[in-house]
2 protein chains.
Amino acid sequence: MSGLRYTPLVARLPASVPFVGPETRERGRGRPFAARIGANESVFGPSPRAVAAMQAETTAIWRYGDPENHELRHALAAFHEIDPENIVIGEGIDGLLGYLARLLVGEGTPVVTSLGAYPTFNYHVTGYGGRLYTAPYKDDAEDPDALLALARRENAPLIYLANPDNPMGSWHNATVIQHLIDSIPEGSLLCLDEAYVEFAPEGTAPPIDASNPSVIRFRTFSKAYGMAGARIGYGIAEQNLVRSFDKVRNHFGVNRLAQAGALAALNDQAYLGEVKMRVAAARTRIAAIAVDNGLRSLPSATNFVTIDCGHDQAYAQAVLNGLIERDLFLRMPFVSPQNRCIRVSAGTDHDLDLLAEALPSVLATIARSTTPKP
Amino acid sequence: MSGLRYTPLVARLPASVPFVGPETRERGRGRPFAARIGANESVFGPSPRAVAAMQAETTAIWRYGDPENHELRHALAAFHEIDPENIVIGEGIDGLLGYLARLLVGEGTPVVTSLGAYPTFNYHVTGYGGRLYTAPYKDDAEDPDALLALARRENAPLIYLANPDNPMGSWHNATVIQHLIDSIPEGSLLCLDEAYVEFAPEGTAPPIDASNPSVIRFRTFSKAYGMAGARIGYGIAEQNLVRSFDKVRNHFGVNRLAQAGALAALNDQAYLGEVKMRVAAARTRIAAIAVDNGLRSLPSATNFVTIDCGHDQAYAQAVLNGLIERDLFLRMPFVSPQNRCIRVSAGTDHDLDLLAEALPSVLATIARSTTPKP
């Protein structure tokens, strides 16, 4: 009856949601989670300076934010020792991935990513009519050579790789990534998602060369800076590409408090250092909990640890469900063979106490239910 | 050299900006404005309850916002006496207009609006390849009959009208708007932008019929609720259309503080009432300043007043420039004949004192410079 004339592309798109939020699950369950360690948010929160900056800015919320994000762009430029003209600020990496897809992806455009990599990238590519080509993970890591071969075969203008990777927490060193950048075919673009790079060992991120038209690097205030709810991230790229975002972006789209908070967070690198230490400690603890339960954890360069449950998807799903029933919000990888794992964000001591307490009982329950009756 | 393979549409889009922000102008001038009364922001700010809610939420900013905007959607549903399924929340009306254009506009899609109406709508339509058809204003108001005739002629799937109007401040009563809604051709959609409707007289907005597939109504927390920098607004529409936004929207795109602030602002209707009174007083004052200077002000149902400078575009531009030189941030309509006017947002008493002080001197300076020498 409504019969609105949606575009042919929209008419065939599913109303898909890349992720179900924890609040949605809580409403479905009818009770809150006791630990929120499923979305790789930073439970350690933002810098107190960022909190203070946002609080101070609330009385100025009647003003639109600066559409040029001037102050933050200049601060980031100084921080990375590049020009402000090489930086585009947007509504989180999610928002920027949407703009990037819009710039480069039309009906049938081939786009290359890893099978099981970030679903929101796929959501945007599909949303603009792109055709996804996926390379499998290799040893639980994205496979640069396979991605490159696929991109060459399909003549893809856009290639996605996250380093470190989500959902496995694996990473490549700077030499491997630089080699990938250097091998991107002329006229193609590597979308290098570095959302978790602050947590990675030295030598993970290659030096930034903002004049290179073959790569755009995305960073965010959502993870290490603890501001996921603020929706602010940035891309570093060659100037022509940065300017192209001005053709399509929502110029006044960044929240004013996010601008103020991000600036203050960036200027508190000491706090970032503390967060990194606490995340490292939490990773160690999660790995220990895994071992205590006879499970293997994967090495991680992120603020989460992926635990190999040692069996198939159904088993990992049962573990996840058991933990969720015990009020722990967690997620797991979407595709095989990664989905033999569950993924645990770096939690507070209390969060991880709850995990340590719940996991043995979950595993025991599964063991009881699957042991053949005598 | 970069040679990235932008879509054909993007390749031909200009890197346009719907509006230059006041901060950009301040940087260009090298000094700040003394009064910020050019972007129809609410100088009276948000409810203190909204400020408190945002401040309290800053420590939870490490969490992504609820992608379903559940609480706010339900509160708005209760407020408007409709179902939550008829409400889509987004990153301000600007963000929602972008999503709407994406749903309905492809290469060459005809879209109808008024000549000189909201440029950000045009930005989005053009950005998705749409072809704009414009009807002129009639008596400084948008002309529903002309829009309708144009939509019929061009078989346009999307028609834009703001009521009250920006930049003129004019409005139609509910009967006229309801007649327009009832006349929208089957399969077409009226995008009814009601960003300023809280400031309008009773009887401006027709009753909400959320089951009507011919209209989507946009409201915002940016204007009367004083939260322009928060980037949060909503659309009210038939359920299928609301669900369609889930195909394309940035699900985690709304800032968590904005969600909390909007909810608190909505729940403080007493404060909204105060703002409306202060805006009404400011409108009266702006009109009086115009009269004191021999100019005519237009009636307004918004938080701004459009002043007819009585001559052509060049004259109005000179007045605007003079005021800007005297540190008042103002804007003016973009096209003829509306651009014989300047537009003044409802300011504080101090803001309007500055206007009252500056305007005579600006007009005198122009008069001196244009009087033929003897």
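Predicted model: local features only at pLDDT ≥ 70, side-chain atom pairs only at ≥ 80, totals over all residues.
Which residues are buried in helix 6 of chain A? As for confidence, chain A averages a pLDDT of 96, and 98% of the residues score at least 70, while the model as a whole scores ipTM 0.96 and pTM 0.97.

The secondary structure of chain A comes to 13 helices and 12 strands. The radius of gyration of chain A is 21 Å, close to the 21 Å that the globule rule gives for 374 residues, so chain A is as compact as a globular protein of that length. Along its principal axes, the C-alpha trace of chain A spans about 70 × 55 × 50 Å. Buried residues make up 57% of the 374 residues in this chain, and if one takes the contacts in chain A between residues at least 6 apart in sequence, 72% of them join residues at least 24 apart.

The domain assignment divides chain A into domain 1, which takes in residues 8-45 + 270-367, and domain 2, which takes in residues 48-269. The C-alpha centres of these two domains of chain A lie 24 Å apart, and the contact between them takes 31 residues from domain 1 and 30 residues from domain 2. On the side of domain 1 that touches domain 2 in chain A, helix 11 (269-292) and strand 10 (304-308) each supply at least two residues, and helix 11 gives the most, with seven residues. Sorted by class, that side of domain 1 has 18 nonpolar, 10 polar and three charged residues.

The buried ones are Thr120(A), Phe121(A), Asn122(A), Tyr123(A), His124(A), Val125(A), Thr126(A) and Gly127(A). What covers these buried residues includes helix 5 (92-104), strand 3 (110-114), strand 4 (131-135) and strand 5 (158-162) of chain A. After helix 6 of chain A comes Gly129(A), whose phi is positive, near 90 degrees.

A cis peptide bond joins Asn163(A) and Pro164(A), with omega about 0 degrees, and Pro164(A) has its place in the loop between strand 5 and helix 8 (174-183) of chain A. The peptide bond from Asn166(A) to Pro167(A) is cis as well, with omega near 20 degrees, and Pro167(A) lies in the loop between strand 5 and helix 8 of chain A.

Arg231(A) counts as buried because 32 C-beta neighbours lie inside 10 Å. Asp327(B) is partly exposed, with 15 other C-beta atoms within 10 Å.

The last part of the picture is how the two chains meet. The contact takes 74 residues from chain A and 74 residues from chain B. On the side of chain A that touches chain B, helix 2 (22-29), helix 3 (48-57), helix 5, helix 9 (239-248) and helix 10 (256-266) of chain A each supply at least two residues, and the largest share, seven residues, comes from helix 9. The residues on that side of chain A divide into 31 nonpolar, 26 polar and 17 charged.

In soluble globular proteins, nonpolar side chains tend to be buried together. In this model the largest nonpolar core has 235 residues, and those with the most contacts inside it are Ile159(A), Met227(A), Ile159(B) and Met227(B). Taking one of these as an example, and leaving aside residues up to four places away in sequence, Ile159(B) touches Val112(B), Leu147(B), Ala151(B), Ile184(B), Ser188(B), Leu190(B) and Cys191(B).

Technical notes. Residues numbered from 1 in each chain as written. Chains lettered and ligands numbered in written order. Helix = DSSP H or I, 4+ residues; strand = E, 2+ residues; numbered from the N terminus. Rg over C-alpha atoms; globule rule 2.2 N^0.38 Å. Buried ≥ 20, exposed ≤ 12 C-beta atoms within 10 Å, placed from the backbone. Contact = placed C-beta atoms within 7 Å. Nonpolar A, V, L, I, M, F, W, Y, C, P; charged D, E, K, R; others polar. Core = buried A, V, L, I, M, F, W, Y, C linked by C-beta atoms within 7 Å. pLDDT = per-residue confidence, 0-100. Domains from an automatic or database assignment.
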